[in-house]
Amino acid sequence: MLFCQELDSKIEKSKFLASKKIFHHPHKVLFNSRGFDLEVFTDYERDQIKQVSLFYRTNSQPRYREVPFSKTADRFSFRYDPLVNPANYITYFFTVELINGSVLATPIDSSGLLKPVTMNLVDPMKYFKERAEGKF
C-alpha cells in the first residue's frame, strides 16, 4: 500500500495516456452493507505489463491507497468490504504501467486528465424502497 500526501495533491492533475485496451465499468450502485469488487481488464499482453494498480480513498481514509495487482493474476480485482472499513463514499481509478515506461489510467477525460470514479455507498433498504417508489 502507498500513502503519500504529495501524491494526493498531484495525482488528479497528472496527465495520463489514453488507451482503448483498458476497460472498467463502474457498478450502478454500491451498498454500505455488502462487499463489492473493483476490477479492471486489459488487452495488453502480460509480458508488456510492468504493474497494474488500483488507487482508492474514502471519507474515512482521505489519502489514496495503492493496491498493486499481481501481473500474473487471472483478474485484476480488489474486494472492498464496507463492513470492515465503513465509509460514506469511495473514489477510485486504475493505472497500468507498461514495460516501455508508459503509464495509462482509467477513467480519464478527453484531455488526458484523471477523472476518478466517486460513488456513494448506500443503505440497501433505503435504495430499494426509493426504487419501488419510482425515485430511481
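Visitor: Hi! Which side chain meets Arg 75 in a salt bridge?
Guide: The side chain of Glu 39 does, at 2.5 Å from N to O. A salt bridge here is a side-chain nitrogen of Lys or Arg within 4 Å of a carboxyl oxygen of Asp or Glu. Arg 75 sits in the loop between strand 5 and strand 6, while Glu 39 is in strand 3, 36 residues apart. Strands (E, at least two residues) are DSSP runs, numbered from the N terminus.

Visitor: Where do these numbers come from?
Guide: This is a predicted model, where local features need pLDDT of at least 70 and side-chain atom pairs count only at pLDDT 80 or more, while totals for chains, interfaces and linings use all residues. Residues are numbered from 1 along each chain as its sequence is written, and side-chain values use heavy atoms, leaving out hydrogens and water.

Visitor: How many salt bridges are there?
Guide: The count is three. In one of them, Asp 37 pairs with Arg 79, with the closest N and O atoms 3.3 Å apart. Asp 37 lies in strand 3 and Arg 79 in strand 6, so this pair ties together parts 42 residues apart in sequence.

Visitor: New topic: which residues touch the most other members of the largest nonpolar core?
Guide: Leu 54, Tyr 56, Phe 69, Tyr 80, Ile 90 and Tyr 92, out of 25 residues. Such a core is a set of buried Ala, Val, Leu, Ile, Met, Phe, Trp, Tyr and Cys residues joined through side-chain atoms within 4.5 Å; buried means under 20% relative accessible area, exposed over 50%, partly exposed in between (1.4 Å probe, protein chains only).

Visitor: Which strand gives the largest share of this core?
Guide: Strand 7, with five residues.

Methods
Helix = DSSP H or I, 4+ residues; strand = E, 2+ residues; numbered from the N terminus.
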